[in-house]
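Here are my notes on the model for someone opening it for the first time. Please read them with the structure in view.

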Amino acid sequence: MLRIPIAERPQWQQKAEEFGFEFHTMYGEIYWDETAYYQFTLEQIEKGIEEPTEDIHQMCLAVVEKVVNDEALMRRFCLPEAQWDFIRQSWRNGDPSLYSRLDFAYSGNGDAKLYENNADTPTSVYETGFWQWLWLQDNVDTGKLPAHTDQFNCLQEKLVNRFKEIKYLTPDRILHFSCCKDTPEDRGTVQYLEDCANEAGINTDFVYIDDIGRDEHGNFSDMDDHVINSMFKLYPWEFMMQETFSESLGKNNIRWLEPPWKSILSNKALLPMLWKMFPNHPNLLPAFFEDELHLASGVDSMVKKPIFSREGSNISFIGKNADIEASSGPYGEEGFIYQATHMLPKFGDSYTLIGSWLVDNQAAGISIREDRNPITQDMSRFLPHVIV
């Protein structure tokens, strides 16, 4: 695994905006960075990332099966009791999922170590599935990269095929897409997924989360008063389950993407559960609930993570790495889990995180984020990769 400098494509910013990638630079800071790329061997991808991704995903599903059948564990995951049946039925009905992303620390040597599972609202899907592939094609066409250069990236193809399967499961439904207002990255992500659904032959519509209402019968509806019966929402389940309209969840005939059972996988309580059920697995880090820290004897540095934390918010270090500055954010009231510290590999001045994508149950590609801070957050730079 190497980090290799490369010249930027001429006027790539203009091309990005022509293709709808308007958030390549945000708040005056570079988000998409093509001044370098990461190079992997095929064995590093297949053995180091792809196989562990699919293995861990199956382990995560085993956690869901255990949690939905145990009220004490549902409480451990801070899931509202009023929504337990909603979550259980979603799992027992086999409600289909679309995609997810596992975040790993991996240097190209040794075992990739799981940091977390972004199973409910993963972003950077457009950059991964389309934009970095276009970067590869352009650089191969201009001779900056050899003609045989490849990329671990079948994400867009698998998304389209998955949408075709979902269409078969719920024919003749309009699939609404939704995100919050004033979130350019979220809007771009949702637009890309809507384009993939259209390519699969699904009729779609869009409504902001903020604009969803209820009709006289209690059905969720859009701005044109059309009843919503199928929806992809880039909005966390833990937020939805606390909204005033949460009493209606499960009472409407809606096929949700992601399904309610994903509220278990996107929850940091997943990490200590994985360690309990699959102790000493080579791709897992020791992780513990707050009241079980006595089990962490011998672990001299830990990362403290809120159960609902997203985008690296409210992360802090305890033990020998306690001097690393904690990240800010709105989480923590729900409680914390503790995960053994395993620092990200450092290439030059940057710490590097690998996101490994799944569509349904299959590994589908990787994304790479880097930051000068060891905590990867929403503005951490995205860099492309190649396989040689």
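1. Helix H2 (residues 42-68) packs against helix H4 (residues 84-92) with the axes 10 Å apart and an angle of about 135° between them. Axes here are lines fitted to C-alpha atoms, for helices over the stretch in contact, and angles run from 0 to 180 degrees between N-to-C directions. H2 and H4 are therefore oblique to each other; angles under 35 degrees count as roughly parallel, over 145 as roughly antiparallel, 65 to 115 as roughly perpendicular and the rest as oblique. Helices (H or I, at least four residues) and strands (E, at least two) are DSSP runs numbered from the N terminus.

2. The model is predicted: local features need pLDDT of at least 70, side-chain atom pairs count only at pLDDT 80 or more, and totals for chains, interfaces and linings use all residues. Residues are numbered from 1 along each chain as its sequence is written, and side-chain values use heavy atoms, with hydrogens and water left out.

3. The crossing of H2 and H4 is left-handed. A crossing has that hand if the near helix is turned anticlockwise from the far one by less than a right angle, and is right-handed if clockwise. On the H2 side the contact (heavy atoms within 4.5 Å) uses Leu 61, Val 64, Glu 65 and Val 68, which meet Ile 87, Arg 88, Trp 91 and Arg 92 of H4. Five of these residues are nonpolar, none is polar and three are charged. In this scheme Ala, Val, Leu, Ile, Met, Phe, Trp, Tyr, Cys and Pro are nonpolar, Asp, Glu, Lys and Arg are charged, and the others, Gly among them, are polar.

4. Helix H6 (residues 155-169) and helix H7 (residues 184-199) have axes 8 Å apart, at an angle of about 60°. That makes H6 oblique to H7. The crossing of H6 with H7 is right-handed. H6 contributes Gln 156, Leu 159, Val 160 and Phe 163, and H7 contributes Tyr 192, Leu 193, Cys 196, Ala 197 and Glu 199. The H6 and H7 contact has seven nonpolar residues, one polar and one charged.

5. H6 also packs on helix H5 (residues 125-141): their axes come within 8 Å and cross at roughly 115°. H5 and H6 are therefore roughly perpendicular. Val 125, Thr 128, Gly 129 and Phe 130 of H5 meet Leu 155, Gln 156 and Leu 159 of H6. That contact divides into four nonpolar, three polar and no charged residues.

6. How is the protein chain divided? It has domain 1 (2-267 + 347-387) and domain 2 (286-341), with bounds from an automatic or database domain assignment. Taken over C-alpha atoms, the two domain centres are 24 Å apart. In contact are 18 residues of domain 1 and 18 residues of domain 2. The area buried between the domains is about 1600 Å², with 50% from carbon and sulfur atoms; buried area is the accessible area (1.4 Å probe) that two parts lose on being put together, summed over both. Arg 76, Glu 238 and Ile 375 lose the most area on the domain 1 side, together 36% of what that side buries.

7. Two backbone details deserve a look. Leu 257 and Glu 258 are joined by a cis peptide bond, with omega about -5°; Glu 258 sits in the loop between strand E12 (255-257) and helix H9 (262-265). Tyr 27, a residue other than glycine, has a positive phi near 55°, and lies in the loop between strand E2 (25-26) and strand E3 (29-30).
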